[in-house]
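The following questions and answers examine a predicted model. Please consult the sequence and the coordinates alongside each answer.

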Amino acid sequence: MDEFTDFDALRAACLNLREGSDSSAEAVRQRQSMLTKPPGSLGRLEDLVAWLAKWQGRPMPRLDQVDVLVFAGNHGVTRQGVSPYPPTVTTQMVANFSHGGAAINQIASVAGAHLRVVPLDLDTPTQDFTEAPAMDEAGFLRAVSTGYGAVSSGCDLLCLGEMGIGNTTSAAAIAAALFGGGGSRWAGRGTGIDDAGLARKIRAIDAGLDRHAAWANDPLLIAMALGGRELAAILGATIAARQFGIPVLLDGFVCTAAVAPLTRLATGALGHTMLAHVSAEAGHRLLAEALGLKPLLDFGMRLGEGSAAALVVPLLRAAVACHTGMATFAEAAVDNRD
């Protein structure tokens with residue numbers, strides 16, 4: 001399936017999740033015990049190889065096809081003065097991506113990853129969620145379906161990213177709706193708002209929470225009412241990756257908030273994902289902890305664009321290379337411990 005026609009179909013997809021291969025992960029651990037190194041000496045690199053193997057369903061994981069998907073959307077809530085940049089910047093940055101001029105272009109190239117940017121109705125921002133749901137049901141399902149359909153079933157690893165002026169406001173609103181605390185707990189400075197702008201952002205989040213309080217117990221309706229098209233597409237892509245057996249690297253605060261509703265629907269729904277980094281954006285560390293996600297990097301980044309997710313790819317390539325290329329004690333004629 002790559003198109004969700006109603007909420008029942010989407011909920012069913014969120015609940016009927018493909019399981020990973022525990023036997024593939026165990027095969028990795030067995031091989032690790034035979035490689036020419038002290039047990040566990042590669043630390044989290046060993047865990048990452050086992051994670052890749054589990055979700056690829058291969059005892060020897062590979063990274064032949066790594067895709068970076070960046071979804072772009074515009075937000076009506078920017079009318080509340082929540083960003084120092086106008087929504088036109090989203091369209092301009094999409095053009096910059098296509099010309100190879102953004103940070104993600106450089107990082108994806110170094111990582112040996114294929115970058116694809118998917119704009120979603122940039123000329124028509126979502127509704128201002130302080131006044132109405134950001135999307136209606138049809139629009140939300142269409143965005144989720146776009147994300148689902150953008151994932152290649154032959155991909156070995158998927159990196160997810162986003163671009164959208166105003167989207168940290170939507171991310172903070174979703175986090176507040178799911179985990180409580182209001183705008184003051186979750187709002188950050190995003191692309192660099194001043195104190196007055198931060199106060200407007202907090203007020204907008206709280207107004208959105210109040211307006212849509214009746215939907216507070218339904219995570220998908222929360223995503224529809226407070227999110228954006230690019231967040232909905234990230235949600236759809238994450239579901240597709242699970243169904244296709246593709247491990248996922250999540251980027252920053254916006255990506256994490258986009259997939260957070262899944263955890264309220266199904267236990268272990270994010271098992272096939274890893275959090276690439278903890279963003280400098282206020283609220284991301286809190287959200288990662290709430291979701292039980294342990295970030296791989298902490299570099300003070302807050303760019304978005306999938307930049308940190310792509311930055312982790314060379315690290316994973318090194319982990320896989322050690323696992324597949326190192327000699328065993330027997331092959332190297334090196335004495336193992338007794």
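Q: In which helix does N105 lie, and is N105 buried or exposed?
A: N105 lies in helix α5, which covers residues 103–111. Its relative accessibility is 14%.

Q: Which backbone atom does the side chain of N105 reach, and at what distance?
A: Leaving aside neighbours within four places in sequence, N105 is in contact with N96, F97, G100 and L115. A polar contact requires a pair of N or O atoms within 3.5 Å. The side chain of N105 reaches the backbone nitrogen of A102, at 3.0 Å.

Q: Why is strand β1 described as largely enclosed by the rest of the structure?
A: V66, V68, V70 and A72 point one way from β1, and these residues are buried. D67, L69 and F71 point the other way and are buried as well. Strand β1 (residues 66–72) is therefore largely enclosed, the number of its buried residues being 7 of the 7.

Q: With which strand does β1 pair over 7 bridges, and in which sense?
A: β1 is joined to strand β2 (residues 114–119) by 6 bridges, and these two strands run parallel; here V70 has V117 as its bridge partner. In β3, C159 stands opposite V68. The strand that pairs with β1 over 7 bridges is β3 (residues 157–163), and the sense is parallel.

Q: How many residues does the second, separate core have?
A: Among the contacts of L160 beyond four places in sequence are L69, F71, I234, A237 and V248. L160 is also one of the residues with the most contacts inside the largest core. The second core is separate and includes W51, L157, I165 and V312; its number of residues is 37.

Q: How many residues line the largest pocket, and what space lies in it?
A: G190, T191, R302, L303 and G304 lie nearest the centre of the largest pocket. At least two lining residues are supplied by each of α4 (88–98), β3, α7 (167–179) and α12 (253–265). The lining comprises 29 residues, and the space in the largest pocket is about 510 Å³.

Key: Residues numbered from 1 in each chain as written. Predicted model: local features only at pLDDT ≥ 70, side-chain atom pairs only at ≥ 80, totals over all residues. Heavy atoms only, no water. Core = buried A, V, L, I, M, F, W, Y, C linked by side-chain atoms within 4.5 Å. Buried < 20%, exposed > 50% of the residue type's maximum accessible area, 1.4 Å probe, protein only. Contact = heavy atoms within 4.5 Å. Helix = DSSP H or I, 4+ residues; strand = E, 2+ residues; numbered from the N terminus. Polar contact = N/O pair within 3.5 Å; in protein donor to acceptor, adjacent residues only side chain to side chain. Pairing = 2+ DSSP bridges. 1 Å grid on protein atoms, 1.4 Å probe; cavity = no way out; pocket = protein on both sides within 12 Å on 5 of 7 lines; lining within 4 Å. Points joined across faces, edges and corners; volume = space filled by probe spheres on them.
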